[in-house]
Amino acid sequence: MPSMLVIATTAVPDHLRGALSRWTSEVVPGIFVGSVSARVRDQLWQAVTETVGNGAAVLVHPAPTEQGYAIRTAGTRRRVPADFDGLTLIRMTAAPKVKEGQSPS
């Protein structure tokens, strides 16, 4: 049975955005929303994790949890999902340190 999903991407290759747009709608740049089966969702996520490169992606989909959804991430992000007694909370990691004499990027 199809269920809704949201995939948010940052700095991913154009061909990945094209692949995602075959199954979902890109409602704003980098945000994909769709209603697909669990099998298609898992295949889409596998494609994302294999091609995310230096970018990042987050998948949110319904799940039988207390919150009613699950979060998956790929790539490097400052916000990291963390399990806290069965609840998924978002933990912020430290910003990358800039070495002396380098400009921040």
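This is a predicted model: local features need pLDDT of at least 70, side-chain atom pairs count only at pLDDT 80 or more; totals for chains, interfaces and linings use all residues.
The phi angle of Ala-11 is positive, near 55°, in a residue other than glycine. Most residues other than glycine have a negative phi. The relative accessibility of Ala-11 is 66%, and the residue therefore counts as exposed, the threshold for this class being over 50%.

A further positive phi, of about 50°, is found at Asp-85, which is likewise not a glycine. Asp-85 belongs to the loop between β6 (79-84) and β7 (87-92). With a relative accessible area of 73%, Asp-85 is exposed.

Helix α2 comprises 14 residues, spanning positions 38-51. The distance from its first C-alpha to its last is 20 Å, close to the 20 Å expected at 1.5 Å a residue. Five positions of α2 are buried, namely Val-40, Arg-41, Leu-44, Trp-45 and Val-48. Viewed down the axis of α2, these buried residues fall within an arc of 135°, so they line one face of the helix. The face of α2 turned away from this buried side carries Arg-39 and Glu-50, both of which are exposed.

The buried residues of α2 pack against both helical and strand elements: the helix α1 (14-21) and the strands β1 (3-10), β3 (31-36), β4 (56-62) and β5 (69-75). Following α2 is Gly-53, the phi of which is positive, near 60°.

Methods. Residues are numbered from 1 along each chain as its sequence is written. Side-chain values use heavy atoms; hydrogens and water are left out. Helices (H or I, at least four residues) and strands (E, at least two) are DSSP runs, numbered from the N terminus. The expected span of a helix is 1.5 Å times one less than its number of residues. Buried means under 20% relative accessible area, exposed over 50%, partly exposed in between (1.4 Å probe, protein chains only). The arc is that of the directions from the helix axis to the C-beta atoms. Contact means heavy atoms within 4.5 Å.
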